[in-house]
Amino acid sequence: MTESEKLDLILVKLDKIDKLESEFGEFKERLGRLESEFGEFKERLGRLESEFGEFKERLGRLESEFGVFKEKQDKLDSDVTGMKLTLENEIRTNIMRVAEGHQDLYRKLREATKIDDEKEMIAIRVNMLETELRTIKERLERIA
């Protein structure tokens, strides 16, 4: 191999090296863009993880509050059931007893006022009879 062939071979090799360096530069550039995009992706993923953590926390609080709400609702159901039983078993019975007592009192009051009504009717009749008696007396005195 002659020197010129060697130089040509070296130039060809250098040319290939230049092309490889050029391709490697493009590869480095693309790798840089990928690293940048991966960094953005990592940031976004970090924000998502943070937001998911907050969401889990809120969900935990909601579950806790729902548990408290459920307990209160169960207590209310129990209280309402107790009130219904008291209403049915005690209050209605007592109301019926009071109503029966009121009926007896009303009946006795009517009997008592009935006597007063009769007294008033007798008083009215007596007044009417007295008036008629006076009228008859006056006529008799005029005649006599």
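Q: Before we start, what counts as a helix here?
A: Helices are DSSP runs of H or I with at least four residues, numbered from the N terminus. This is a predicted model, where local features need pLDDT of at least 70, side-chain atom pairs count only at pLDDT 80 or more, and totals for chains, interfaces and linings use all residues. Residues are numbered from 1 along each chain as its sequence is written, and side-chain values use heavy atoms, with hydrogens and water left out.

Q: OK, where is Leu 62 found?
A: Leu 62 sits in helix H1.

Q: Is Leu 62 buried or exposed?
A: Leu 62 is exposed, at 53% relative accessibility. Buried means under 20% relative accessible area, exposed over 50%, and partly exposed in between (1.4 Å probe, protein chains only).

Q: And what separates the C-alpha atoms of Leu 62 and Lys 114?
A: 72 Å, with the two residues 52 apart along the chain.

Q: Switching to aromatics: how many aromatic pairs are there?
A: The count is 4, taking rings of Phe, Tyr and Trp (its six-membered ring) with centres within 6.5 Å; planes under 30 degrees apart are stacked, over 60 edge-to-face, and the rest tilted.

Q: So what about Phe 38 and Phe 41?
A: Their ring centres are 6.4 Å apart and the planes are at 35°, so that pair is tilted. Phe 38 and Phe 41 are 3 residues apart in helix H1, so about one helical turn separates them.

Q: Buried or exposed, those two?
A: Phe 38 and Phe 41 are both exposed.

Q: Last one: where is Asp 116?
A: Asp 116 is in helix H1, which covers residues 3–143. Asp 116 is partly exposed, with a relative accessible area of 41%.

Note on methods
Helices (H or I, at least four residues) and strands (E, at least two) are DSSP runs, numbered from the N terminus.
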